Amino acid sequence: MNIGILGLGSLGSLMAYHWRNHALFVLPRTDISSVNIKVQDQDTLWQTQLPSWQGEPLEWLVVCTKAADTLAALNKWKHLLTQANNILLLQNGMGQQQETVQWLQQQQINTPLWAAMCTEGAYQENDTVIYAGRGSTQIGSWLGSEYLPPQLPKTQYSENIKELLLNKLAINAVINPLTAYWECKNGELVNTPQYKQALIALSEEVAGLYATLSWPLSQPLTELAQQVAIATAANTSSSLQDKLANRPTELPYICGYLLEQAQRIAYDLPLTQFYYHHLSA
Ligand code: KPL
């Protein structure tokens, strides 16, 4: 299967590793003919050189950029996008999917849009991506189409991808701003009484918005956020990694998205607002 990867950050590189037995192409930001990647999976170091996409037909074009970079990244390749049978957004956050639907319509590109919810963990150390936590990747049609393309390896189909993404968004809306604000590992949010109090307060605030919007949560958010903080205790959250590396965080597509939804119904999210503004400063 031909797969194109747009955005070779830690997640894009990890997916390339998963799909290493397929014909992979990268869509780099600059005009280079290939990209080197290295992924460390426990004792195995996988390294390869992936060719740049020249418009070969793709079964899947997978966007692994930061949410905020989605449209700029797609725009660079718009003249070739009709060569991709399916576009998948494999990113944290919410809001970019709706922006992409609109952008595709404006460009009159009818390629089916898919979204993914991924629980894999990876981070970059120098020029190597470390596969830190095994998880899964669920994908579903963003507009609810019933058409099923050839299965993207190492993913499972979900019929309720929006619910899964909203659930993940709620978890990220609690763990990411708190870990970035306190500069702590995920696990410290449950082990340090002061941070745990903050986790409970923020979970209650976000859960209140979800209830008001009738957005489903698989469990009470205070429990869910603590479970994920424990399960990923040794992780540095993606927002803290970004903050420490002086990169823009994905918080506009996490807290920012929730603040926008709350504003539309005049609902207050004082804690979310506080952390978001503090971290955006
Ligand atoms: O998705 C994550 C992230 O860091 O962005 C969590 C679930 C918080 C794990 O680190």
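Tutor: Happy to. Leaving out residues up to four places away in sequence, L164 touches M117, Q138 and S158. Bear in mind that this is a predicted model. L164 belongs to helix α4, which spans residues 161-182. Its relative accessibility is 22%, so L164 counts as partly exposed; the cut-off for buried is under 20%. For a sense of scale, take L50, which is 114 residues from L164 along the chain: the C-alpha atoms of the two are separated by 31 Å.

Now to the sheet. It is open, with four strands in the order β4-β3-β9-β8 and mixed pairing. The edges are β4 (44-51) and β8 (121-125); each has a single partner strand, so one side of each is left without a neighbour in the sheet. From one strand to the next, the twist averages 30°.

Side chains of opposite charge can pair when their charged atoms come close. The structure holds six salt bridges, and one of them joins K38 to D127, with the closest N and O atoms 3.0 Å apart. K38 sits in strand β3 (residues 34-41) and D127 in the loop between β8 and β9, so this pair ties together parts that are 89 residues apart in sequence. K38 is partly exposed at 25% relative accessibility. D127 is also partly exposed, with a relative accessible area of 46%.

Next, look at D242 and K66, whose side chains meet in a salt bridge of 2.8 Å, N to O. This pair links distant parts of the chain, 176 residues apart: D242 is in helix α8, while K66 is in the loop between β5 (60-63) and α2 (70-76). D242 has 2% relative accessibility and therefore counts as buried, whereas K66, at 29%, is partly exposed. R247 joins in as well, as K66, D242 and R247 are linked in a network of salt bridges.

E250 lies in the loop between α8 (238-244) and α9 (255-264). Although buried, E250 has no salt bridge; the nearest side chain of opposite charge is K66, 4.4 Å away. The cut-off for a salt bridge is 4 Å between nitrogen and oxygen, so K66 does not pair with E250 in that sense. What E250 does have is a polar contact of 3.5 Å between its side chain and that of N92. Apart from residues up to four places away in sequence, E250 touches T65, K66, A67, N92 and D242.

K243 is in helix α8 and E183 in the loop between α4 and α5 (188-191), so to speak distant parts of the chain, 60 residues apart, are linked. K243 is partly exposed, with a relative accessible area of 29%, and E183 is partly exposed at 45%.

Finally, H18 is found in helix α1 (residues 10-18). H18 is buried, at 12% relative accessibility. Beyond its neighbours within four places in sequence, H18 is in contact with E120, Y131 and K154.

Note on methods:
Residues numbered from 1 in each chain as written. Predicted model: local features only at pLDDT ≥ 70, side-chain atom pairs only at ≥ 80, totals over all residues. Heavy atoms only, no water. Helix = DSSP H or I, 4+ residues; strand = E, 2+ residues; numbered from the N terminus. Buried < 20%, exposed > 50% of the residue type's maximum accessible area, 1.4 Å probe, protein only. Contact = heavy atoms within 4.5 Å. Pairing = 2+ DSSP bridges. Axes fitted to C-alpha atoms, helices over the stretch in contact; angles between N-to-C directions. Lys, Arg positive; Asp, Glu negative; His and termini not counted. Polar contact = N/O pair within 3.5 Å; in protein donor to acceptor, adjacent residues only side chain to side chain.
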